[in-house]
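Please open the model in your viewer and keep the selection tool at hand. We will walk through it together, one stop at a time.

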Amino acid sequence: MPFVRRLKLTDFRCYTEAVIETDDRPVVLVGENGAGKTNLLEALSYLVPGRGLRGAKLSEVGRIGAASAPTAAPLAVQGNWAIAAQVENENGVVDVGTGLQSTEQGGRETRAIKIDGKAERGQAALGAILSAVWLTPAMDRLFLEGASGRRRFVDRIVIGVDPEHAGALAAYEQSLRNRNRLLRDGNFDATWMNAVEDSMSRHGVAVAARRREAVSALERFAVDGRDPFPSLDVAMSGDVEAWLATEPALAVEDRLRDQLAEKRYLDGASGTSSVGPHRSDFEVHDARSGMPAAQCSTGEQKAMLITLILAAARMLAFQTGRKPLLLLDEITAHLDDRRRAALFEMLVDLGCQTWMTGTDPILFSPLGARAQHFSVRDASVEPQGFE
Ligand SMILES: Nc1ncnc2c1ncn2[C@@H]1O[C@H](COP(=O)(O)OP(=O)(O)OP(=O)(O)O)[C@@H](O)[C@H]1O
Ligand SMILES: [Mg+2]
């Protein structure tokens, strides 16, 4: 638990309207390129707090050409969209709805959220019902690209444990932007700077402490990679994280505040802030060989990502008592037959509601009737009997 029993998409991406009904078994979505498979996973990712699996703008995911778009507008105008789900958990069935109701001109887009028909103000309400972890082809380069993708990866896991993390993170990022703006404007007014740096310190230490805690909880599950998937050592690295290892949080706040004040003129030269958890990284090594993830082969990195994602699912289940949704886009790519079969066994054992996509039904045949198979074609989803 929990499981999505029914999912309805309205004017979302390529879907005018689509409904999919599911039971406890893993869900396999098969279809040609461009059929709408990833869009379905993306829709599910909006059932949890955050910016969705593609990190897209809310107005971008509305169906191009939908009737709710302004009438006199050209075809490529996107309007309202909605995702509605029936989620079964230990207490029964909850109706969860989210979407974009209207795009205010020039205003900030916010996601509307309804739970059992009642409008909720914050996204944290979603986090109380469901959590999700996902793996997409875009994440294949997680270890090769900059640290921001790795921090986002960790932050999503932290939000799964503690939905309030999203708020602390947004507050930190806002105060960081404020400080950088003051630096670029050459405005070193002590009253402004002190206020902004105080906010950075408080939120920054909260962010770093939550990440540190979550990653050390994750470590216990990641070191237990199941053959043929590797065991991993994972850790957060960064100044604030290092201070937190030896000092209480309040002392670390003071230290960060002092460091920021000290570095004002130095940071002024670049217009960026050189200290704080926006500089931290998530480090991953093969536990047996000690090899850093970035130096492993493509297939090895994919296997590491699978260990990580499954460790995150186990960790979330352990910490929250709820199993997260697992959204695995094109999961079979780069996996040899042995790893693919082993992965399927692990997914069935894990008991999370797993949603997988692929272009070739043959690759999912080892799952047989242990999974529900759907065919996705021209933005519609049909159940497929398994022969
Ligand atoms: N806002 C939108 N409105 C309408 N269609 C969209 C919108 N955004 C994306 N699409 C279209 O939705 C279609 C399905 O995209 P999706 O990424 O789900 O395909 P897919 O089945 O995952 O394909 P692949 O196997 O290539 O990954 C694409 O043709 C895409 O151009
Ligand atoms: Mg896709």
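The tour below goes from a sheet to a ligand and then to some charged pairs.

**Before you start**

This is a predicted model, in which local features need pLDDT of at least 70, side-chain atom pairs count only at pLDDT 80 or more, and totals for chains, interfaces and linings use all residues. Residues are numbered from 1 along each chain as its sequence is written, chains are lettered from A and ligands numbered from 1 in the order in which they are written, and side-chain values use heavy atoms, with hydrogens and water left out.

**Stop 1: the sheet**

Switch to a cartoon view and look for an open sheet of 6 strands, in the order β2-β1-β4-β5-β6-β7, with antiparallel pairing. Two strands count as paired if DSSP finds at least two bridges between them. Helices (H or I, at least four residues) and strands (E, at least two) are DSSP runs, numbered from the N terminus.

Now select 15-21 and 118-120: these are the edge strands β2 and β7, each of which pairs on one side only. On average, neighbouring strands of this sheet are turned by 20° against each other, direction ignored. Such angles run from 0 to 180 degrees between N-to-C directions, using axes that are lines fitted to C-alpha atoms, for helices over the stretch in contact.

Next, pick β5 (residues 92-100) and β6 (residues 112-115), antiparallel strands joined by 4 bridges. Which residue of β6 stands opposite Gly-97? Click across and you will find Lys-114.

**Stop 2: ligand 1**

Select ligand 1 and show what is around it: 18 residues surround it, the closest being Gly-34, Lys-37, Thr-38, Arg-54 and Ile-64. A residue is near a molecule if one of its heavy atoms lies within 4 Å of it.

Zoom in on the polar backbone atoms. One in Gly-34 is 2.7 Å from an oxygen atom of the ligand, and one in Ala-35 is 3.2 Å from a ligand oxygen.

**Stop 3: charged pairs**

Side chains of opposite charge can pair when their charged atoms come close. Across the whole structure, a search finds 25 salt bridges, each a side-chain nitrogen of Lys or Arg within 4 Å of a carboxyl oxygen of Asp or Glu.

Go to Asp-198 and Arg-257, whose closest N and O atoms are 2.9 Å apart in a salt bridge. This pair links distant parts of the chain, with Asp-198 in helix α5 (residues 190-222) and Arg-257 in helix α7 (residues 249-262), 59 residues apart.

Move on to helix α10 (residues 337-350), where Asp-337 and Arg-340 are 3 residues apart, or about one helical turn. Their side chains meet in a salt bridge (2.6 Å, N to O). Are these two buried or exposed? Asp-337 is exposed at 57% relative accessible area, whereas Arg-340 counts as buried at 8%. Buried means under 20% relative accessible area, exposed over 50%, and partly exposed in between (1.4 Å probe, protein chains only).

Finish at Arg-370 and Glu-345, a salt bridge with closest N and O atoms 3.2 Å apart. Arg-370 lies in the loop between β12 (354-358) and β13 (372-377), while Glu-345 belongs to helix α10.

Technical notes. Polar contact = N/O pair within 3.5 Å; in protein donor to acceptor, adjacent residues only side chain to side chain.
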